Amino acid sequence: QAQLVVSGGGLVSPGGPLSLSCIAPTRDLKPTIMGWYRQAPGKQREVVAMIFPSGNTNNEDSVKGRFTVAGDYTKNAVNLKMNLLRPEDTAIYFCYMGPPASWGQGTQVTVSS
């Protein structure tokens with residue numbers, strides 16, 4: 001496991017875009033799943049989007065058509081492009097690589113006018 005390095009996040013108006021990036025500090029990780037989770041206040045952490053070595057992706061229903069996950073397994077890097085953001089997307093977003101699980105430090109995404 002390793003502490004993944006996350007960049008991006010912040011405050012955005014409803015309907016706006018935002019991007020998150022994540023990279024592992026070591027090439028020693030051999031993940032078979034990379035992606036993003038989020039946790040809103042008072043709610044459990046949930047899967048947002050995952051990408052597999054095949055290139056296949058799996059997005060949570062509420063973000064389909066709005067969020068795009070991309071990853072490079074040769075570099076242990078994964079990104080999340082978010083469009084048409086809604087207030088209900090407000091949460092702390094966590095990068096994930098595994099198994100075994102490695103996590104990023106969490107970055108706040110706030111969608112508000």
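Contact, as used in these legends, means heavy atoms within 4.5 Å. The model is predicted, so to speak of local features takes a pLDDT of at least 70 and side-chain atom pairs count only at pLDDT 80 or more, while totals for chains, interfaces and linings use all residues. Residues are numbered from 1 along each chain as its sequence is written, and side-chain values use heavy atoms, with hydrogens and water left out.

**View 1. Leu80 and its neighbours.** Leaving aside residues up to four places away in sequence, Leu80 is in contact with Leu18, Ser19, Leu20, Trp36, Val48, Ala49, Phe67, Thr68, Val69 and Tyr93. Leu80 also shows up among the core members that touch the most others, together with Trp36, Val78, Met82 and Tyr93.

**View 2. The largest nonpolar core.** A nonpolar core here is a set of buried Ala, Val, Leu, Ile, Met, Phe, Trp, Tyr and Cys residues joined through side-chain atoms within 4.5 Å. Buried means under 20% relative accessible area, exposed means over 50%, and partly exposed is what falls in between, with a 1.4 Å probe and protein chains only. The largest such core has 28 residues. At least two residues each come from β1 (3-8), β3 (18-23), β4 (33-39), β5 (46-51), β7, β8, β9 (91-98) and β11 (107-111). Which strand gives the most to this core? That would be β9, with four residues. Strands, by the way, are DSSP runs of E with at least two residues, numbered from the N terminus.

**View 3. Strand β9 and its partners.** Seven of the eight residues of β9 are buried, so the strand is largely enclosed by the rest of the structure. Two strands count as paired if DSSP finds at least two bridges between them. β9 runs antiparallel to β4, with seven bridges joining them, and Gly35 has Tyr96 as its bridge partner in β9. With β11, β9 pairs in the antiparallel sense over three bridges; look for Tyr93 opposite Thr107. Two bridges tie β9 to β10, again antiparallel, and here Tyr96 is partnered by Trp103.

View 4. The hairpin from β9 to β10 goes through three residues. Both Pro99 and Pro100 sit in the loop between these strands. Gly98 and Pro99 are joined by a cis peptide bond with omega about -15°, and another cis bond, with omega about -10°, joins Pro99 and Pro100. Most residues other than glycine have a negative phi, and most peptide bonds are trans.

**View 5. The β7-β8 hairpin and Asn76.** β7 (residues 67-72) and β8 (residues 77-82) pair in the antiparallel sense, with six bridges between them. Phe67 faces Met82 across the pair, standing opposite it. Four residues lie between the strands, and in that loop you find Asn76. Its phi is near 55°, which is positive although Asn76 is not a glycine. Is Asn76 buried or exposed? At 2% relative accessibility, Asn76 counts as buried.

**View 6. Leu84, another positive phi.** Leu84 lies in the loop between β8 and β9. Phi of Leu84 is near 50°, positive again in a residue other than glycine. Leu84 is exposed, with a relative accessible area of 52%.

**View 7. Hairpins around β5.** On one side, β4 and β5 pair in the antiparallel sense over five bridges, with Tyr37 opposite Val47. Six residues separate these two strands, and Gly42 in the turn has a positive phi of about 75°. β5 also pairs with β6 (residues 57-59), antiparallel and over three bridges, and Ile51 stands opposite Thr57 there. That hairpin has five residues between its strands, with Gly55 at a positive phi near 100°.

**View 8. The largest pocket.** On a 1 Å grid over the protein atoms alone, a pocket is an open set of points where a 1.4 Å probe fits, with protein on both sides within 12 Å along at least five of seven lines; lining residues have an atom within 4 Å of a point. The largest pocket has a volume of about 180 Å³, the space filled by probe spheres set on the points. Of its 14 lining residues, Arg38, Ala40, Lys43, Glu46 and Glu88 are the closest to the centre. By class, the lining has eight charged, four polar and two nonpolar residues.

How values were computed:
Nonpolar A, V, L, I, M, F, W, Y, C, P; charged D, E, K, R; others polar.
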